[in-house]
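Take a moment to look over the sequence and the 3D model before reading on. We will start with the whole chain and then visit a few helices, a strand and some single residues.

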Amino acid sequence: MKTYFPSWLQQTAILLLWGLVYYLSGLISLKFDDPNSAIAIVWFPSGVAVAAFLSARWRDYPALILIFALASVLLDEAWQSIPLFLTTLGYSLLAMPANVLIAWLVRRFSRPNDDLHVILLWICATFVVSVFDALIVGGGYAFFTDQPVAKTISNGFVADVTGIFFATTVVMGFVNKRGPRAALAWSTRLAGLALLLLICAATVFIFDYSGTWLKTEAAALYFALSCLPIVLTMMLSLVWGNRGGSIGLLALGAIVIHFTDRHQGPFFLHGLSFTESLLLALSYLSATALLIVFVRVLRRSTTRFNPDTGRLAGNGILYRLEPETGVFSWENDLSSLLGAGYPAVFDTVERVLGYVHPSDREKLRQHWLAPVQNKHKPLIFRIKTNDDEWLTLVDSGGVAMSNGGKRIIVGNWQASHYDLAI
């Protein structure tokens with residue numbers, strides 16, 4: 001028996017989960033901490049924050065900002081001193097507008113259903129906003145604490161950009177549920193598992209290599225071998241989809257961070273300082289993340305769908321509707337499209353409309369109750385799933401027919417490739 005929790009409790013749990021992910025990513029970032037720098041050389045929480053603001057509702061922004069600021073204070077252990085607590089909390093709050101601005105720019109100016117435009121806008125917004133954030137926040141911090149201005153600004157810029165590129169890519173791979181939800185076949189699961197093991201084995205071999213032959217006799221080959229985990233991670237993203245790419249990035253990042261923290265790997269070259277080697281490792285992870293993002297775009301662009309409605313290939317769910325009584329008859333199992341629990345309550349127009357997004361209810365009602373005789377006119381709408389999320393569907397029906405003297409409407413529901421703005 002399925003247990004249902006109040007929506008406010010579910011939303012609170014989601015916000016606290018974002019805070020936990022933010023805090024854990026901060027602990028990982030501190031692995032790259034340079035004792036000679038006042039600012040961490042990478043800050044993965046920035047990427048987590050951007051992903052949260054891209055995914056959350058507008059009204060949840062204040063709560064997320066406060067939660068992230070408090071998590072930053074805990075990472076700095078400033079809660080042990082009230083003056084230091086207030087100082088760190090203020091600095092953490094000042095760092096939040098940059099993350100909010102990046103998410104706002106992407107959500108405000110991205111073109112609907114144009115994934116490549118969204119990605120390019122995100123990259124450009126990250127660079128531009130990070131520059132101003134480093135100048136204002138990093139420069140101000142350096143001025144008031146007598147730190148080297150140029151170094152503090154540059155470190156702040158690198159920390160934001162690398163953290164956002166890597167962490168946002170990883171998190172959005174788990175959060176973004178666009179596209180078909182078909183279960184992976186066992187052969188695909190095993191192939192993905194094999195690729196994941198190869199990623200781990202190859203990365204460990206490359207970054208834990210302690211021999212001398214590759215480093216002295218074949219240094220170029222040793223450096224080129226670092227591309228192998230990138231290729232394998234891209235292959236995993238193709239096999240397992242968005243979440244597979246994020247899992248591969250997490251495995252790759254964890255291993256690289258571990259050995260980089262131990263001053264090992266192909267990026268610790270003679271003549272380079274510790275900070276320069278760290279920048280190479282971070283650039284490696286950021287470049288891998290961006291490649292995974294573009295693989296996702298290409299993978300989605302090859303999905304078969306109608307360019308007008310985004311309707312994905314497949315038969316969908318068939319229905320019959322009696323306009324006079326408002327009674328539905330479903331020819332297929334709705335759980336394959338909407339999840340378990342829907343067939344019993346989706347028996348009338350009003351009950352169905354109760355799950356439809358408020359902005360789409362009236363046009364869907366007109367689509368059913370005032371159809372054009374024998375004319376197909378697909379309609380895109382949003383409906384709430386059992387996970388309390390909005391799923392975009394295409395109603396390819398509204399065709400009026402006669403059955404035993406009664407007028408009926410025959411239609412079809414299918415998942416859409418597109419997301420309607422909410």
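This is a predicted model: local features need pLDDT of at least 70, side-chain atom pairs count only at pLDDT 80 or more; totals for chains, interfaces and linings use all residues.

Two residues are in contact when they have heavy atoms within 4.5 Å. Among the contacts in the protein with a separation of 6 or more, 64% join residues 24 or more positions apart.

Residues are numbered from 1 along each chain as its sequence is written, and side-chain values use heavy atoms, with hydrogens and water left out.

## The whole chain

The protein has 14 helices and 6 strands. These elements are DSSP runs numbered from the N terminus: helices are H or I runs of at least four residues, and strands are E runs of at least two. Of the 422 residues, 45% count as buried. Buried means under 20% relative accessible area, exposed means over 50%, and partly exposed is in between (1.4 Å probe, protein chains only).

In soluble globular proteins, nonpolar side chains tend to be buried together. A nonpolar core is a set of buried Ala, Val, Leu, Ile, Met, Phe, Trp, Tyr and Cys residues joined through side-chain atoms within 4.5 Å. Which residues of the largest nonpolar core touch the most other members? They are W18, Y22, F32, F53, L64, F68 and Y284, out of 57 residues in this core. The elements that give two or more residues to this core are α1 (7–29), α2 (44–55), α3, α4 (82–109), α6 (149–175), α7 (186–207), α10 (227–261) and α11. With 11 residues, α10 gives the most to this core. At least three residues of this core come from each of domain 1 (1–176) and domain 2 (183–303); the domain bounds come from an automatic or database domain assignment. Another core lies apart from this one and has 22 residues, among them F328, F346, W368 and L391.

Helix α3 covers residues 61–75, which is 15 residues, and reaches 21 Å from its first C-alpha to its last. That is close to the expected 21 Å, where the expected span is 1.5 Å times one less than the number of residues. The buried residues of α3 are Y61, L64, F68, A69, A71, S72, V73 and L75. One of them, L64, touches L15, W18, A52, F53 and A56, not counting residues up to four places away in sequence.

In helix α14 (residues 361–369), the buried residues are L364, H367 and W368. They sit on the same side of α14 because they cover an arc of only 90 degrees around the axis; the arc is that of the directions from the helix axis to the C-beta atoms. The buried residues of α14 pack against β1 (317–322), β2 (327–330), α13 (349–353), β3 (379–384), β4 (390–395) and β6 (406–415).

| Residue | Relative accessible area | State |
|---|---|---|
| S277 | 0% | buried |
| V295 | 8% | buried |
| N412 | 9% | buried |
| R296 | 10% | buried |
| H263 | 46% | partly exposed |

R296 lies in helix α11 (residues 274–301). Its side chain makes a polar contact with the side chain of S246, at 2.9 Å. A polar contact is a pair of N or O atoms within 3.5 Å; within protein, one must be able to donate a hydrogen and the other to accept it, and residues adjacent in sequence count only if both atoms are side-chain atoms. Leaving aside neighbours within four places in sequence, R296 is in contact with residues including T169, M172, S237 and N242.

V295 is also found in helix α11. The C-alpha atoms of V295 and S237 are separated by 7.4 Å, although these residues are 58 residues apart along the chain.

S277 is found in helix α11 too. A polar atom of the S277 side chain lies 3.0 Å from the backbone oxygen of F267.

In strand β6 you will find N412.

Finally, H263 is in the loop between α10 and α11. Most residues other than glycine have a negative phi, and most peptide bonds are trans. The phi of H263, however, is positive, near 60 degrees.
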